[in-house]
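Terms are given their cut-offs where they come up.

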Amino acid sequence: MAVLKLSGVCKRYDNNSGSLFRRKARNDFAVNDLSFECRDGEFLGILGPSGCGKSTTLRMIAGLEKITAGDIYIGDVRINDLLPKDRNIGLAFEDYALYPPLKIYDNLAFNLRARHVPEAEIRESVERIAKLMKVDDLLEMKPLALSGGQKQRVNIARALVRKPGLLLLDEPLSHLDGKMRQQLRYEIKHMHHEIQCTTIIVTHDQMEAMSLADRIAIMDMGRLQQIGTPLEVYDDPVNVFVAGFIGEPPMNLMTSIIRRVEGGFDFSFEGSDLRIPVPTRYNGIVRDGMAVTLGVRPVDVRIAQEGEASGTPIPVAVYEDLGDERRIGVRVGENLLNLTTPETIYYDRGDPVTLKFNAEKTHLFDIDTGERIRAPEK
Ligand code: ADP
């Protein structure tokens with residue numbers, strides 16, 4: 001097991017640098033000033049959209065990519081200049097090819113043989129890990145005969161037989177179909193529970209990160225946006241990027257003008273009569289006419305019951321029945337506001353609805369920087 005620490009890590013690909021005379025744009029860096037720690041035995045997810053620098057980060061940790069600036073430590077050892085083979089890291093990459101002519105057993109044994117581990121020890125390790133990853137009945141087969149899910153399980157097993165201090169998984173589920181993904185997700189979670197190896201998974205799929213990881217590091221444009229438990233990043237996003245990235249359907253993010261009303265403030269919206277009360281805890285920091293980005297999760301809006309309604313009815317613009325939930329969209333000025341409900345209700349386009357907001361669950365963000373505006377602690 002191992003503690004991994006990244007401190008101010010940057011990566012700039014030389015072939016991506018443009019003209020010598022051009023001033024370097026911020027996003028010339030594939031990874032920019034990245035610092036975080038992964039605890040001993042922790043399962044950490046690195047999550048972000050395509051191109052945000054996740055794989056580059058993983059490849060720098062593995063030693064497959066040179067670091068432009070900053071330091072990486074495993075325990076107290078600075079590993080910047082260590083060869084990949086000396087880092088005690090197990091890698092399972094999305095396209096990490098198995099050797100086609102070799103049986104699965106020999107694929108799993110390959111690295112241990114290269115290190116002259118005695119055959120009896122290799123057999124013990126291969127059989128134990130093959131059982132754990134549920135590939136023990138495939139050991140005599142060749143890679144070509146395996147399904148995508150089986151190959152990926154072998155891929156992870158191969159990384160594990162070396163008893164790595166740190167296991168790195170790069171999008172291990174991305175090529176699999178829905179049911180297989182779910183199954184392998186369960187196997188990976190079980191594997192981690194059994195061997196408690198410090199593990200980092202890179203993924204663009206929030207469900208994968210949320211369900212597997214103890215904590216998630218969310219990246220955008222090469223920079224760390226937030227690191228926290230799945231609940232922390234969902235409930236307490238630090239900026240509009242994290243707010244919009246975590247949650248399905250995503251959080252509604254709408255430009256709003258604060259209006260003073262009797263006893264407090266309301267959120268108002270250009271081109272709409274909708275008003276939402278501003279939670280009183282923000283009273284000291286908002287003012288009449290202030291523009292903010294308001295964040296509301298679709299589960300924190302509902303349709304008012306008859307008799308309960310107070311606001312102006314709004315016509316339904318989108319209605320989707322997904323079986324276990326209904327998704328309803330209404331236009332609020334320029335924005336489409338989505339809400340989800342487990343209730344079995346049916347609407348046609350244009351049907352008027354009145355909305356009720358769980359105002360205490362609304363999030364405020366700075367309109368210019370996108371940073372969260374926090375209410376003072378009570
Ligand atoms: P992610 O894994 O989040 O999709 P990557 O780490 O692969 O992102 O890529 C981050 C950025 O670095 C992207 O802009 C990508 O185009 C660039 N990049 C990745 N690999 C190379 C490379 N070998 N040479 C030049 N640019 C690269």
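1. Buried means under 20% relative accessible area, exposed means over 50%, and partly exposed covers what lies in between, with a 1.4 Å probe and protein chains only. Helices (H or I, at least four residues) and strands (E, at least two) are DSSP runs, numbered from the N terminus. With these terms, seven of the nine residues of helix α1 (residues 54-62) are buried, so the helix is largely enclosed by the rest of the structure. The buried residues of α1 are K54, T56, T57, L58, M60, I61 and A62. Just after α1, G63 has a positive phi of about 90 degrees.

2. On provenance: this is a predicted model, in which local features need pLDDT of at least 70 and side-chain atom pairs count only at pLDDT 80 or more, while totals for chains, interfaces and linings use all residues. Residues are numbered from 1 along each chain as its sequence is written, and side-chain values use heavy atoms, with hydrogens and water left out.

3. Overall composition. The chain has eight helices and 22 strands. Of its 378 residues, 48% count as buried. Its C-alpha atoms fill a box of roughly 80 × 55 × 45 Å, taken along the principal axes. The chain exposes about 19100 Å², of which carbon and sulfur atoms supply 49%; accessible areas come from the Shrake-Rupley method with a 1.4 Å probe, and for residues only the protein chains shown count as cover.

4. Contacts along the sequence. A contact means heavy atoms within 4.5 Å. Among contacts between residues at least 6 apart in sequence, 67% join residues at least 24 apart.

5. Ligand shell. Which residues are closest to the ligand? Twelve residues surround the ligand, and the closest are G51, G53, K54, S55 and T56; a residue is near a molecule if one of its heavy atoms lies within 4 Å of it. The shell divides into four nonpolar, seven polar and one charged. In this scheme Ala, Val, Leu, Ile, Met, Phe, Trp, Tyr, Cys and Pro count as nonpolar, Asp, Glu, Lys and Arg as charged, and the others, Gly among them, as polar.

6. A polar backbone atom of S55 is 2.8 Å from an oxygen atom of the ligand. For a polar backbone atom of C52, the distance to a ligand oxygen atom is 3.1 Å. A nitrogen atom of the ligand lies 3.4 Å from a polar side-chain atom of Y13. The ligand taken alone exposes 560 Å², and the protein buries 63% of that.

7. Salt bridges. A salt bridge is a side-chain nitrogen of Lys or Arg within 4 Å of a carboxyl oxygen of Asp or Glu. The whole structure holds 23 of them. R59 pairs with E65, with the closest N and O atoms 3.2 Å apart, and K11, R59 and E65 are linked in a network of salt bridges. R59 is partly exposed, at a relative accessible area of 29%.

8. The E140 and K103 pair. The side chains of E140 and K103 form a salt bridge at 2.9 Å, N to O. This pair links distant parts of the chain, 37 residues apart: E140 is in the loop between α3 (119-132) and α4 (148-160), and K103 is in the loop between β6 (89-93) and α2 (104-114). E140 counts as exposed, because its relative accessibility is 55%, whereas K103 at 31% is partly exposed.

9. The R259 and D288 pair. Here the closest N and O atoms of the salt bridge are 3.9 Å apart. R259 lies in strand β11 (residues 252-261) and D288 in the loop between β13 (275-277) and β14 (291-296), so the pair ties together parts that are 29 residues apart in sequence. R259 is partly exposed at 35% relative accessible area, and D288 is partly exposed at 45%.

10. Q206. Is Q206 buried or exposed? Q206 is buried, because its relative accessible area is 15%. Q206 lies in helix α6 (residues 206-212). Not counting residues up to four places away in sequence, Q206 touches L47, F245, I246, G247 and E248.

Definitions and conventions: Polar contact = N/O pair within 3.5 Å; in protein donor to acceptor, adjacent residues only side chain to side chain.
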